[in-house]
Every structure is written in C-alpha cells, then in structure tokens.
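Please open the model in your viewer and keep the sequence panel beside it. We will go from stop to stop, selecting one part at a time and saying what is there.

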Amino acid sequence: MLKQLIAAAFATMIAMPAFADTDRIAHNKQAAVALLKGFYGGKPEVITDLVDDVYIQHSAAEDGRDALVAVVTKGRDEGWLNEEVAAKFSPSRVIANEEYAAVHYLDEGENRVYIDIFRFNDNGKIGEHWDHSQENSGPNKSGRDMVSGPSPKPTSPEIEVANMATVKRVYDDYFGKGDVSILPDIINDLYIQHSSPNGEDGLDFFAGLVDRFGGPFENTVHKIFAEGDMVVIQGEYPGFNLASMDVFRLKDGKIVEHWDVIGPLPETLPHDNGHF
C-alpha cells in the first residue's frame, strides 16, 4: 500500500503538462483560498468561476456546483455570508501539489478548525472537495493552539517523496503495528504538537499514543501529498468511526511538527459519494 500511494503521488508530480509545475501549484493554492474567501463573502459568481461543471462533494453538503452556488446565494441574501465574514477568513497554511490544495484555517464564527482539500481538474477548475473540522478547544497541554506555526518551506521533489514515505510509516508501522522502535528514526526529540485538547510536545508523549488508545489499531490513508517540507494526510480509523486530516512538517528526514483535525464521521450524507 505504501509503494502504491507514494508511486501515485510521485507520478502525479511528474506527469502533468507545462502548466503543472510551480505555476500549477501556485494556481491551485490561490484558487482554493479564493473559493473559500468567495464562499464566506457570499459571492456565488466566484463559485461559478472557480468550480467545474461537475463538482463532487464528500462533506455533509449537497452534491454539485449548483448546490454550492445555492448555499452561497442563500447566505448572501439572508446576510450570514458577507464581506465582514470574509474579512475574518485567514488561512494559517495552504499546502498544494499539482492536483490538490489543502487549506488549514480557523472559522471564527463557528469556532471550529477546518482542513479543506480540493482536487483540481486538468482545466484548472475545482472538481472535488473533502473537509474535516474540529472544535477549537484552545491551548493543549504544551500551550499550543491548533493553527499557529509556519507555512511550507520549499525543498526538492525527491525530499517531498521521502517525507511522504516517512509519514506513512507512522500509520503503517506505529499506528497499525504498534512498533515504537521506529519512532526515534522518524520523530524529532523536540517534536511540536498542535493536537488539542490533550496533545503534548515531545517524542515521549507521541510514543505513548497507541497504548493510550488501546492500539495498535486499523487505519486507512485515503490521501497523501506534499509541498516542500509539509505532508498532508487524510486518514480513517474504522474501529473508532473517526476520520482525520493531518499536516506534518519535517526537517532532515524527521517529523518536527504536527497539526490535525479529527472527529466522528456522519452517519448519513446527502449524496452517494462517500466520505473519502
């Protein structure tokens, strides 16, 4: 599974046409932020401009571009989506490759932290969307909030692929098998943890995570991609009926910082696309 995921991610990185290099990544980042800004600003014309005719929805919202336009139009007309709301939207980090863009931000109105992932079609339009969110519960045991910290720092494509493989080992070997012996090789001693409310800095805390949750436990990585020194993972934990989106920052081959949103999966969805 690891080889398949990494190979697919690497193939995506090298297979796109000329538009799909740094220009494509910059486009995806800008479009993802513009879409969310337009959403909060109550601007249906932004949705129409950025979203493809075929828009596949995986969150607990109606499927299709027309449904999204209808929500934004309703919000504008009723006053709960407007320029004042949009002015409060400030993404903490945006991480993208040639196919996906992840936006990590605090929705101040809901007091929830979101990570949205958008997939872009070959025409540069947004064709698919996933999100997970979690209540903004305040500082964790190390005083870290859920969103502060750096944005991606450029590296090489080779390092991005290696970083994805390193992060995937956490899910395969540590979460899935309970192998704590791998952790000193892939987690920095000064590991910075933004998980809230019970997260804590340091390798020792992370090394006890599986035991605290009664693991090892089944998990599925549905999506993995990287930009620079950061890796995004969308994961599922069937035994707990939970899903997460995680962001890892790496340095010199080791994980040095982590953010996530995690929560239960809705029992039903208003479409047949599934959560993932």
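**Before you select anything**

This is a predicted model, in which local features need pLDDT of at least 70 and side-chain atom pairs count only at pLDDT 80 or more, whereas totals for chains, interfaces and linings use all residues. Residues are numbered from 1 along each chain as its sequence is written, and side-chain values use heavy atoms, with hydrogens and water left out.

**Stop 1: the whole chain**

Show the protein chain as a cartoon, and you will find nine helices and ten strands, where helices (H or I, at least four residues) and strands (E, at least two) are DSSP runs numbered from the N terminus. The radius of gyration is 18 Å, close to the 19 Å that the globule rule gives for 276 residues, so the chain is as compact as a globular protein of that length; this radius is taken over C-alpha atoms, and the rule is 2.2 Å times the number of residues to the power 0.38. Along the principal axes, the C-alpha atoms fill a box of roughly 55 × 40 × 35 Å.

If you colour by accessibility, 51% of the 276 residues count as buried, a word that means under 20% relative accessible area, while exposed means over 50% and partly exposed lies in between (1.4 Å probe, protein chains only). Of the contacts (heavy atoms within 4.5 Å) with a separation of 6 or more, 61% are between residues 24 or more positions apart.

**Stop 2: an open sheet**

Next select the five strands that form an open sheet in the order β1-β5-β4-β3-β2, with mixed pairing; two strands pair if DSSP finds at least two bridges between them. Which strands stand at the edges? They are β1 and β2 (93–96), each with a single partner strand, so one side of each is left without a neighbour in the sheet. Within the sheet, look at β3 and β4, which run antiparallel and are joined by eight bridges, and there you can find L106 opposite V113 in β4.

**Stop 3: helix α4**

Show the side chains of R65, L68, V69, V72 and G75, the buried residues of α4. Seen down the helix axis, these buried residues fall within an arc of 125°, so they line one face of the helix; the arc is that of the directions from the axis to the C-beta atoms. On the other side of α4, D66 and D77 are exposed. Just after the helix, G79 takes a positive phi of about 90°.

**Stop 4**

Most residues other than glycine have a negative phi, and most peptide bonds are trans. Go to the loop between β3 (100–107) and β4 (112–120), where N111 is found, and check its phi, which is near 55° and positive in a residue other than glycine. With 31% relative accessibility, N111 counts as partly exposed. Then move to N241 in the loop between β8 (230–237) and β9 (242–251), which also is not a glycine and has a positive phi of about 55°; N241 is partly exposed, at 39% relative accessible area.

Two cis peptide bonds come next. One joins S196 and P197, with omega about 10°, and P197 lies in the loop between β6 (187–193) and α8 (203–207). Another joins G215 and P216, with omega about 5°, and P216 lies in the loop between α9 (209–212) and β7 (220–227).

**Stop 4: two buried residues**

Select Q193 in strand β6, which is buried with a relative accessible area of 4%. Leaving out residues up to four places away in sequence, Q193 touches N140, R144, G199, E200, D201, F206 and H258.

Finish at L209 in helix α9, which counts as buried at 19% relative accessibility. Beyond its neighbours within four places in sequence, L209 is in contact with Y174 and F175. Between L209 and F175 there are 34 residues of separation in sequence, and their C-alpha atoms are 8.7 Å apart in space.
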